[in-house]
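I opened this entry to record what I looked up in the structure.

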Amino acid sequence: MGKEVELGKTGIRVHPIGLGANKISEADEATHTEYGGKIIQTAIEHGMNFIDTAFMYGKGESEEIIGKTLKDNFLRNDAVIATKGAHVFQGNSIILNNHPDFLTQAVDDSLRRLQTDYIDLYYIHFPDEKTPKYEAVGALQRLKEAGKIRAIGVSNFTQEQLEEANEDGYVDVVQDEYNLIERANEETLFPYCQKNNISFVPYFPFASGLLAGTYDKNYTLKENQKNKPQFQEDVFYDHVENVDKLRALAHKHKVEIAHVVLAFYLTKKPIDTVIPGARNGQQVMDNLRAAKVDLNAYELELIEQIFPIN
Ligand code: NAP
């Protein structure tokens with residue numbers, strides 16, 4: 001088990017390998033998806049305590065399964081729960097709302113689904129167009145003072161939006177896309193986070209599985225994969241070739257490519273923990289192996305060269 005680390009300046013201690021819970025749902029044999037409750041139990045039993053969910057993940061289903069599992073198994077105090085809100089379903093469309101009244105209600109709704117009286121980390125999932133960012137974060141600060149949440153996060157905010165959101169210094173955690181293929185945030189959000197002691201949680205750490213090393217050059221892309229930028233035919237096979245260049249490094253450390261990739265992220269200063277998504281307990285257990293990989297300066301440089309910031 002890897003040693004727990006502090007999440008930024010929050011005082012909250014988490015395992016460096018967390019669990020992205022957007023696939024926490026009912027079981028689905030066709031996609032090797034195990035019942036989410038079993039995945040949560042496996043994670044916590046093995047010390048993976050940081051669980052990242054959101055209202056949007058199954059319109060509350062991920063939160064409900066997490067809540068039920070933790071309650072039924074008396075595990076609430078063993079888990080650090082991060083959840084998010086901002087989305088509103090209106091007929092066939094989804095709108096975003098960061099109004100203080102909306103966020104206050106959204107936190108209460110998440111508390112009910114999670115069957116708990118506190119949320120460790122609550123993020124504004126996406127910025128809306130209307131609400132001043134510092135007002136939205138101010139509402140979360142009041143919920144923090146009331147003991148309903150322990151830390152404040154924002155997700156999918158640009159650097160400018162983050163600066164406005166953090167006007168009063170209330171932001172504890174930022175979550176945004178970051179992986180070896182998409183490293184742009186190293187030059188934008190990372191320096192701001194580091195300067196302000198904000199923890200950065202990267203999402204899509206495996207670029208939806210591409211960086212987990214499971215694809216090869218003979219793989220035929222499925223129709224439902226082709227809507228993701230990194231799965232476009234003109235770039236996908238180059239990515240696969242680059243991922244394959246990490247194989248020797250993984251072999252040297254007696255792990256798989258996925259573990260080298262996660263270990264690389266953990267060497268970046270504002271990152272304390274990562275949240276790879278997992279469909280089953282096997283992937284959870286497997287991802288934990290990354291906590292033991294210690295990459296040296298030469299190896300880090302090699303990875304930077306294979307996947308330059310573009
Ligand atoms: P990801 O972590 O980049 O990829 C997850 C996929 O990688 C899994 O579904 C699985 O692919 C594969 N995988 C995981 N562990 C593996 C292993 N040990 N060996 C082989 N393959 C493995 O993408 P994600 O799940 O979409 O994102 C991670 C988390 O980030 C989410 O759960 C969510 O919590 C968060 N997120 C947040 C936002 C936001 O707006 N804040 C947006 C997106 C995601 P298969 O499906 O092929 O098995």
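I looked up the backbone of Gly209 and found one of its polar atoms 3.4 Å from an oxygen atom of the ligand; a polar contact here is a pair of N or O atoms within 3.5 Å, and within protein one must be able to donate a hydrogen and the other to accept it, while residues adjacent in sequence count only if both atoms are side-chain atoms. I then checked cover: the ligand taken alone exposes 900 Å², of which the protein buries 87% (Shrake-Rupley areas with a 1.4 Å probe; for residues, only the protein chains shown count as cover).

The model is predicted: local features need pLDDT of at least 70, side-chain atom pairs count only at pLDDT 80 or more, and totals for chains, interfaces and linings use all residues. Residues are numbered from 1 along each chain as its sequence is written, and side-chain values use heavy atoms, with hydrogens and water left out.

I noted two further ligand contacts. Phe206 has a backbone N or O atom 2.8 Å from an oxygen atom of the ligand. The side chain of Tyr57 has an N or O atom 3.4 Å from a nitrogen atom of the ligand.

I went through the shell next. It holds 28 residues, and Asn22, Asp52, Phe206, Arg279 and Asp286 come nearest (near: a heavy atom within 4 Å). I sorted the shell into 11 nonpolar, 12 polar and 5 charged residues; Ala, Val, Leu, Ile, Met, Phe, Trp, Tyr, Cys and Pro count as nonpolar, Asp, Glu, Lys and Arg as charged, and the others, Gly among them, as polar. Helix 10 (residues 281-288) gives the largest share, 3 residues (helices are DSSP runs of H or I, at least four residues, and strands of E, at least two, numbered from the N terminus).

Strand 8 (residues 121-124) and strand 9 (residues 152-155) run parallel, joined by 3 bridges; Tyr123 has Gly153 of strand 9 as its bridge partner.

In strand 7, Leu96 stands opposite His87 and Ser93 stands opposite Gln90.

How values were computed: Two strands pair if DSSP finds at least two bridges between them.
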